[in-house]
Amino acid sequence: MHVQEWLDTVPAAAVYALVGLVIGLESLGIPLPGEIILVSSALLASQHGDIDPVMLGACASAGAIIGDSIGYAIGRKGGRPLLAWLGKKFPKHFSEGHIATAERSFEKWGMWAVFFGRFVALLRIFAGPLAGVLRMPYWKFLIANVLGGTLWAGGTTAVIYYVGIVAEAWLKRFSWLGLVAAVLVGVTSMLLIKRKAKKAGTSHQETPVTEPT
């Protein structure tokens with residue numbers, strides 16, 4: 001079953017909680033499809049009035065900010081051994097190459113790596129724990145975390161929600177146009193067939209009949 005189809009079967013409150021939880025766990029450092037859940041929920045909100053897009057964006061933002069903050073605390077306490085442990089548990093996401101790439105980003109951009117990392121799938125998982133491991137000052141991390149989490153979660157929700165509304169309106173308009181076109185094609189075809197049949201009948205009547213001698 002598709003994610004959006006499954007979300008359509010649960011109450012609105014459960015959708016809010018699920019979005020906040022999944023995004024929070026992903027931000028904490030657990031590889032989960034937070035962006036897929038958010039996009040699917042925003043599309044669902046554009047099609048059903050039960051889900052409030054503002055509440056959805058708020059829950060997503062809260063999950064992103066809280067999850068990143070917990071990840072920062074865990075990374076600060078666990079240090080390098082934590083990254084080594086994560087590398088064993090999730091080698092696809094926390095490989096030495098990925099960690100080295102993320103570290104270079106943090107060394108080059110500092111708190112901006114946390115901010116822009118929210119918009120990159122890989123860095124979104126790394127940002128919190130790695131900022132803690134590298135002992136970034138918490139006030140810098142918090143500013144970048146709040147701004148990045150709010151802009152990513154709220155912006156994604158708003159964009160997908162309005163795209164969904166526009167797409168649904170266009171599809172409804174297209175369905176009416178398709179119906180009108182089908183009727184016109186049917187009427188035109190019928191008129192052409194009648195015209196051809198009439199011509200065939202006229203030519204048959206005008207053809208002289210030769211009598212046998």
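A salt bridge is defined here as a side-chain nitrogen of Lys or Arg within 4 Å of a carboxyl oxygen of Asp or Glu. The legends below describe a predicted model, in which local features need pLDDT of at least 70 and side-chain atom pairs count only at pLDDT 80 or more, while totals for chains, interfaces and linings use all residues. Residues are numbered from 1 along each chain as its sequence is written, and side-chain values use heavy atoms, with hydrogens and water left out.

View 1. Arg124 and Glu26 meet through their side chains in a salt bridge, with an N to O distance of 3.4 Å. This pair links distant parts of the chain, since Arg124 belongs to helix 7 and Glu26 to helix 2 (residues 12-28), 98 residues apart. Helices (H or I, at least four residues) and strands (E, at least two) are DSSP runs, numbered from the N terminus. A salt bridge also joins the side chains of Arg124 and Glu35, at 3.3 Å from N to O. Here the partners are 89 residues apart, with Arg124 in helix 7 and Glu35 in helix 3 (residues 34-47). Relative accessible area, computed with a 1.4 Å probe on protein chains only, defines buried as under 20%, exposed as over 50% and partly exposed as in between. Arg124 counts as buried because its relative accessibility is 2%, and Glu26 is buried as well. Glu35, at 33% relative accessibility, counts as partly exposed.

**View 2. The salt bridge between Asp68 and Arg118.** The side chains of Asp68 and Arg118 form a salt bridge with an N to O distance of 3.1 Å. Asp68 lies in helix 4 (residues 53-89) and Arg118 in the loop between helix 6 and helix 7, so the pair ties together parts that are 50 residues apart in sequence. Both Asp68 and Arg118 are buried. A search of the whole structure finds 3 salt bridges.

**View 3. Packing of helix 2 against helix 3.** Two packed helices are described by the angle between their axes and the distance between the axes. Axes are lines fitted to C-alpha atoms, for helices over the stretch in contact, and angles run from 0 to 180 degrees between N-to-C directions. The axes of helix 2 and helix 3 are 8 Å apart, and the helices pack at an angle of about 155 degrees. Helix 2 and helix 3 are therefore roughly antiparallel to each other; angles under 35 degrees count as roughly parallel, over 145 as roughly antiparallel, 65 to 115 as roughly perpendicular and the rest as oblique. In helix 2, Val15, Val19, Val22, Ile23 and Glu26 meet Gly34, Glu35, Ile37, Leu38 and Ser41 of helix 3. The residues of this contact of helix 2 with helix 3 comprise 6 nonpolar, 2 polar and 2 charged. In this classification Ala, Val, Leu, Ile, Met, Phe, Trp, Tyr, Cys and Pro count as nonpolar, Asp, Glu, Lys and Arg as charged, and the others, Gly among them, as polar.

**View 4. Crossing of helix 5 and helix 7.** Helix 5 (residues 96-109) and helix 7 (residues 121-133) have axes that come within 10 Å and cross at roughly 70 degrees. Helix 5 and helix 7 are therefore roughly perpendicular to each other. Helix 5 contributes His98, Ile99, Ala102, Glu103 and Phe106, which meet Leu122, Leu123, Phe126, Ala127, Leu130 and Ala131 in helix 7. The residues of this contact of helix 5 with helix 7 divide into 9 nonpolar, 1 polar and 1 charged.

View 5. Ser69 is found in helix 4 and, at 17% relative accessibility, counts as buried. Apart from its neighbours within four places in sequence, Ser69 is in contact (heavy atoms within 4.5 Å) with Tyr138, Phe141 and Asn145.

View 6. Trp112 is found in helix 6 (residues 111-117) and is partly exposed, with a relative accessible area of 47%. The C-alpha atoms of Trp112 and Ile143 are separated by 9.8 Å, the two residues being 31 residues apart along the chain. Arg135 lies in the loop between helix 7 and helix 8 (138-206). Phi of Arg135 is near 55 degrees, a positive value in a residue other than glycine.
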